[in-house]
Amino acid sequence: MIKRNLLVIGLATLLSACGFQLRGTGDVQFALKELDVSARNAYGETVNDVRDVLENNGVRVYAGAPYRLVLSKEKEERRAASFTSAARTAEYEMTKTLDYEIRGSKDLLLISDKVEMQRVYNHDGNNLTGGDQEAAQVRREMNRELVQQLVQRLQQVDPVQLDQLQQAAEAKAKAEADALEAARQQQAAQPQQSPIQLPTPAQ
(Lines give C-alpha, C1' and ligand atoms only; values in the text may rest on other atoms or scores of the structure.)
Protein backbone atom coordinates (compact mmCIF):
# COMPACT_ATOMS: atom_id res chain seq x y z
CA MET A 1 0.00 0.00 0.00
CA ILE A 2 2.80 2.39 0.92
CA LYS A 3 4.61 1.65 -2.35
CA ARG A 4 1.44 2.32 -4.35
CA ASN A 5 0.86 5.64 -2.57
CA LEU A 6 4.45 6.66 -3.25
CA LEU A 7 3.96 5.78 -6.92
CA VAL A 8 0.83 7.95 -7.14
CA ILE A 9 2.64 10.87 -5.49
CA GLY A 10 5.58 10.40 -7.85
CA LEU A 11 3.33 10.46 -10.92
CA ALA A 12 1.55 13.58 -9.70
CA THR A 13 4.90 15.31 -9.16
CA LEU A 14 6.09 14.27 -12.62
CA LEU A 15 2.95 15.61 -14.31
CA SER A 16 3.31 18.89 -12.46
CA ALA A 17 6.94 19.20 -13.56
CA CYS A 18 5.95 18.59 -17.19
CA GLY A 19 3.70 21.64 -17.32
CA PHE A 20 0.41 19.91 -16.60
CA GLN A 21 -0.27 22.75 -14.15
CA LEU A 22 -1.05 25.11 -17.03
CA ARG A 23 -4.57 23.74 -17.08
CA GLY A 24 -5.68 26.11 -14.35
CA THR A 25 -3.89 25.33 -11.10
CA GLY A 26 -2.49 28.72 -10.25
CA ASP A 27 0.62 29.36 -12.38
CA VAL A 28 -0.96 31.66 -15.00
CA GLN A 29 -0.91 35.44 -14.52
CA PHE A 30 -3.57 37.72 -16.00
CA ALA A 31 -3.48 41.50 -16.22
CA LEU A 32 -7.28 41.38 -16.46
CA LYS A 33 -8.71 40.77 -13.01
CA GLU A 34 -12.40 40.64 -13.90
CA LEU A 35 -14.22 39.37 -16.96
CA ASP A 36 -17.64 38.22 -18.07
CA VAL A 37 -17.63 34.97 -20.06
CA SER A 38 -20.42 33.74 -22.33
CA ALA A 39 -20.93 31.34 -25.21
CA ARG A 40 -23.66 30.18 -27.56
CA ASN A 41 -23.61 26.88 -25.70
CA ALA A 42 -23.81 28.35 -22.21
CA TYR A 43 -23.31 24.98 -20.52
CA GLY A 44 -20.73 23.50 -22.92
CA GLU A 45 -17.48 21.90 -21.85
CA THR A 46 -15.29 24.57 -23.44
CA VAL A 47 -16.88 27.60 -21.77
CA ASN A 48 -16.89 25.82 -18.40
CA ASP A 49 -13.19 24.96 -18.78
CA VAL A 50 -12.39 28.59 -19.65
CA ARG A 51 -14.28 29.84 -16.59
CA ASP A 52 -12.47 27.34 -14.36
CA VAL A 53 -9.02 28.34 -15.62
CA LEU A 54 -9.76 32.05 -15.18
CA GLU A 55 -11.23 31.67 -11.69
CA ASN A 56 -8.45 29.33 -10.55
CA ASN A 57 -5.92 31.96 -11.57
CA GLY A 58 -7.38 34.95 -9.79
CA VAL A 59 -9.76 36.37 -12.40
CA ARG A 60 -13.20 37.25 -11.10
CA VAL A 61 -15.75 35.95 -13.61
CA TYR A 62 -19.21 37.52 -13.30
CA ALA A 63 -22.03 39.00 -15.38
CA GLY A 64 -21.70 42.76 -15.64
CA ALA A 65 -17.88 42.87 -15.67
CA PRO A 66 -16.42 45.78 -17.69
CA TYR A 67 -15.34 43.44 -20.49
CA ARG A 68 -16.94 40.29 -21.85
CA LEU A 69 -15.30 37.28 -23.48
CA VAL A 70 -17.67 35.70 -25.99
CA LEU A 71 -16.99 32.23 -27.40
CA SER A 72 -18.90 33.01 -30.56
CA LYS A 73 -18.38 29.83 -32.59
CA GLU A 74 -16.94 26.38 -32.00
CA LYS A 75 -16.47 24.14 -35.02
CA GLU A 76 -15.18 20.62 -35.53
CA GLU A 77 -14.28 19.02 -38.87
CA ARG A 78 -12.96 15.57 -39.66
CA ARG A 79 -11.58 14.20 -42.92
CA ALA A 80 -9.79 11.06 -44.06
CA ALA A 81 -6.03 11.59 -43.98
CA SER A 82 -4.82 8.22 -45.31
CA PHE A 83 -6.21 4.90 -46.51
CA THR A 84 -5.35 1.22 -46.25
CA SER A 85 -4.65 -1.00 -49.23
CA ALA A 86 -8.30 -2.05 -49.06
CA ALA A 87 -9.37 1.60 -49.55
CA ARG A 88 -10.49 1.91 -45.93
CA THR A 89 -9.68 4.97 -43.85
CA ALA A 90 -6.49 4.37 -41.87
CA GLU A 91 -6.12 7.84 -40.35
CA TYR A 92 -8.39 10.80 -39.73
CA GLU A 93 -7.42 14.45 -39.43
CA MET A 94 -9.55 16.36 -36.94
CA THR A 95 -9.63 20.15 -36.90
CA LYS A 96 -11.21 22.16 -34.10
CA THR A 97 -11.67 25.93 -34.30
CA LEU A 98 -12.83 28.30 -31.59
CA ASP A 99 -13.81 31.86 -32.59
CA TYR A 100 -13.87 34.38 -29.76
CA GLU A 101 -14.55 38.06 -29.18
CA ILE A 102 -13.89 40.55 -26.42
CA ARG A 103 -16.62 43.16 -26.12
CA GLY A 104 -16.67 46.27 -24.00
CA SER A 105 -19.19 48.87 -22.88
CA LYS A 106 -22.29 49.22 -25.09
CA ASP A 107 -21.46 45.75 -26.46
CA LEU A 108 -18.84 47.28 -28.77
CA LEU A 109 -16.49 44.78 -30.42
CA LEU A 110 -12.88 45.30 -29.30
CA ILE A 111 -11.09 42.09 -30.32
CA SER A 112 -12.11 39.30 -32.70
CA ASP A 113 -9.85 36.29 -33.26
CA LYS A 114 -9.74 32.49 -33.21
CA VAL A 115 -7.63 29.57 -32.01
CA GLU A 116 -7.28 26.35 -33.98
CA MET A 117 -5.98 22.82 -33.43
CA GLN A 118 -5.32 19.94 -35.81
CA ARG A 119 -4.61 16.33 -34.92
CA VAL A 120 -4.16 13.15 -36.96
CA TYR A 121 -5.12 9.87 -35.28
CA ASN A 122 -5.31 6.22 -36.29
CA HIS A 123 -8.59 4.53 -37.14
CA ASP A 124 -9.10 0.77 -36.89
CA GLY A 125 -11.93 -0.16 -39.23
CA ASN A 126 -12.15 -3.59 -37.61
CA ASN A 127 -12.75 -2.11 -34.16
CA LEU A 128 -15.48 0.53 -34.39
CA THR A 129 -15.88 0.83 -30.62
CA GLY A 130 -12.17 1.39 -30.15
CA GLY A 131 -12.16 3.90 -33.01
CA ASP A 132 -14.97 5.88 -31.40
CA GLN A 133 -13.13 5.88 -28.07
CA GLU A 134 -9.95 7.05 -29.78
CA ALA A 135 -11.85 9.91 -31.47
CA ALA A 136 -13.46 10.90 -28.16
CA GLN A 137 -10.07 10.94 -26.42
CA VAL A 138 -8.53 13.04 -29.20
CA ARG A 139 -11.49 15.42 -29.00
CA ARG A 140 -11.04 15.89 -25.23
CA GLU A 141 -7.31 16.52 -25.62
CA MET A 142 -7.90 19.04 -28.39
CA ASN A 143 -10.50 20.86 -26.28
CA ARG A 144 -7.98 21.22 -23.46
CA GLU A 145 -5.32 22.48 -25.87
CA LEU A 146 -7.75 24.99 -27.41
CA VAL A 147 -8.51 26.33 -23.94
CA GLN A 148 -4.79 26.60 -23.22
CA GLN A 149 -4.24 28.53 -26.46
CA LEU A 150 -7.07 30.89 -25.57
CA VAL A 151 -5.68 31.35 -22.06
CA GLN A 152 -2.29 32.29 -23.49
CA ARG A 153 -3.97 34.87 -25.74
CA LEU A 154 -5.88 36.32 -22.79
CA GLN A 155 -2.66 36.65 -20.80
CA GLN A 156 -1.47 39.16 -23.40
CA VAL A 157 -4.55 41.38 -22.98
CA ASP A 158 -4.42 44.16 -20.40
CA PRO A 159 -6.98 46.77 -19.27
CA VAL A 160 -4.99 49.67 -20.75
CA GLN A 161 -5.12 48.07 -24.21
CA LEU A 162 -8.85 47.39 -23.85
CA ASP A 163 -9.51 50.96 -22.69
CA GLN A 164 -7.78 52.27 -25.82
CA LEU A 165 -9.76 49.89 -28.02
CA GLN A 166 -12.96 50.96 -26.26
CA GLN A 167 -12.25 54.64 -26.96
CA ALA A 168 -11.49 53.88 -30.62
CA ALA A 169 -14.66 51.79 -30.96
CA GLU A 170 -16.78 54.53 -29.38
CA ALA A 171 -15.26 57.16 -31.69
CA LYS A 172 -15.95 54.96 -34.72
CA ALA A 173 -19.52 54.28 -33.60
CA LYS A 174 -20.12 58.01 -33.03
CA ALA A 175 -18.69 58.92 -36.46
CA GLU A 176 -20.95 56.34 -38.12
CA ALA A 177 -23.99 57.59 -36.19
CA ASP A 178 -23.20 61.21 -37.07
CA ALA A 179 -22.83 60.29 -40.76
CA LEU A 180 -26.20 58.51 -40.74
CA GLU A 181 -27.85 61.46 -39.04
CA ALA A 182 -26.33 63.93 -41.52
CA ALA A 183 -27.57 61.80 -44.42
CA ARG A 184 -31.04 61.63 -42.86
CA GLN A 185 -31.18 65.40 -42.39
CA GLN A 186 -29.96 66.01 -45.93
CA GLN A 187 -32.65 63.73 -47.31
CA ALA A 188 -35.31 65.39 -45.17
CA ALA A 189 -34.24 68.86 -46.39
CA GLN A 190 -34.70 67.98 -50.05
CA PRO A 191 -38.06 69.13 -51.47
CA GLN A 192 -40.38 66.29 -52.20
CA GLN A 193 -41.42 66.24 -55.85
CA SER A 194 -45.13 66.00 -56.59
CA PRO A 195 -46.16 63.03 -58.67
CA ILE A 196 -46.47 63.81 -62.38
CA GLN A 197 -50.05 64.40 -63.44
CA LEU A 198 -50.77 62.84 -66.80
CA PRO A 199 -53.34 64.66 -68.95
CA THR A 200 -56.78 63.10 -68.98
CA PRO A 201 -57.65 61.89 -72.47
CA ALA A 202 -60.50 63.85 -74.13
CA GLN A 203 -63.86 62.12 -74.18
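**Terms and values**

Modeller: Strand 4 and strand 5 form an antiparallel pair over 13 bridges. This is a predicted model, in which local features need pLDDT of at least 70 and side-chain atom pairs pLDDT 80 or more, while totals for chains, interfaces and linings use all residues. Residues are numbered from 1 along each chain as its sequence is written, and side-chain values use heavy atoms, without hydrogens and water.

Biologist: What makes strand 4 and strand 5 a pair?

Modeller: Two strands pair if DSSP finds at least two bridges between them, and strand 4 and strand 5 have 13 bridges. Strands themselves are DSSP runs of E with at least two residues, helices are runs of H or I with at least four, and both are numbered from the N terminus. Within this pair, E91 stands opposite N122 in strand 5.

Biologist: How do you know that strand 3 pairs with strand 4, and with strand 1?

Modeller: Strand 3 and strand 4 are joined by 14 bridges in the antiparallel sense, and E76 faces K96 in strand 4. Strand 1 (residues 34-39) and strand 3 run parallel and share four bridges, with V37 opposite L69 in strand 3.

Biologist: What is the order of the strands in the open sheet, and why is one side of strand 2 and of strand 5 left without a neighbour?

Modeller: The five strands follow the order 2-1-3-4-5, with mixed pairing. Strand 2 (60-61) and strand 5 stand at the edges and each have a single partner strand, so one side of each lacks a neighbour in the sheet.

Biologist: Why is K106 called exposed, and D107 partly exposed?

Modeller: Exposed means over 50% relative accessible area, buried under 20%, and partly exposed in between, with a 1.4 Å probe and protein chains only. K106 has 68% relative accessibility and therefore counts as exposed; D107, at 41%, is therefore partly exposed. K106 lies in the loop between strand 4 (89-103) and strand 5 (109-122), and D107 is also placed in the loop between strand 4 and strand 5.

Biologist: What is the phi of K106, and of D107?

Modeller: Phi is near 65° for K106, a positive value in a residue other than glycine. For D107 phi is near 60°, again positive in a residue other than glycine. Most residues other than glycine have a negative phi.

Biologist: How do you know that the charged end of R60 sits over the ring of Y62?

Modeller: The rule requires NZ of Lys or CZ of Arg within 6 Å of the ring centre and within 35 degrees of the ring normal. The charged end of R60 is 3.9 Å from the centre of the Y62 ring and sits over that ring. The charged end of R78 likewise sits over the ring of Y92, 3.9 Å from its centre.

Biologist: Why is V160 called exposed, and where is V160 found?

Modeller: V160 has 54% relative accessibility, so V160 counts as exposed. V160 is found in helix 4 (residues 159-189). V160 and L32 are 128 residues apart in sequence, and their C-alpha atoms are 9.6 Å apart in space.
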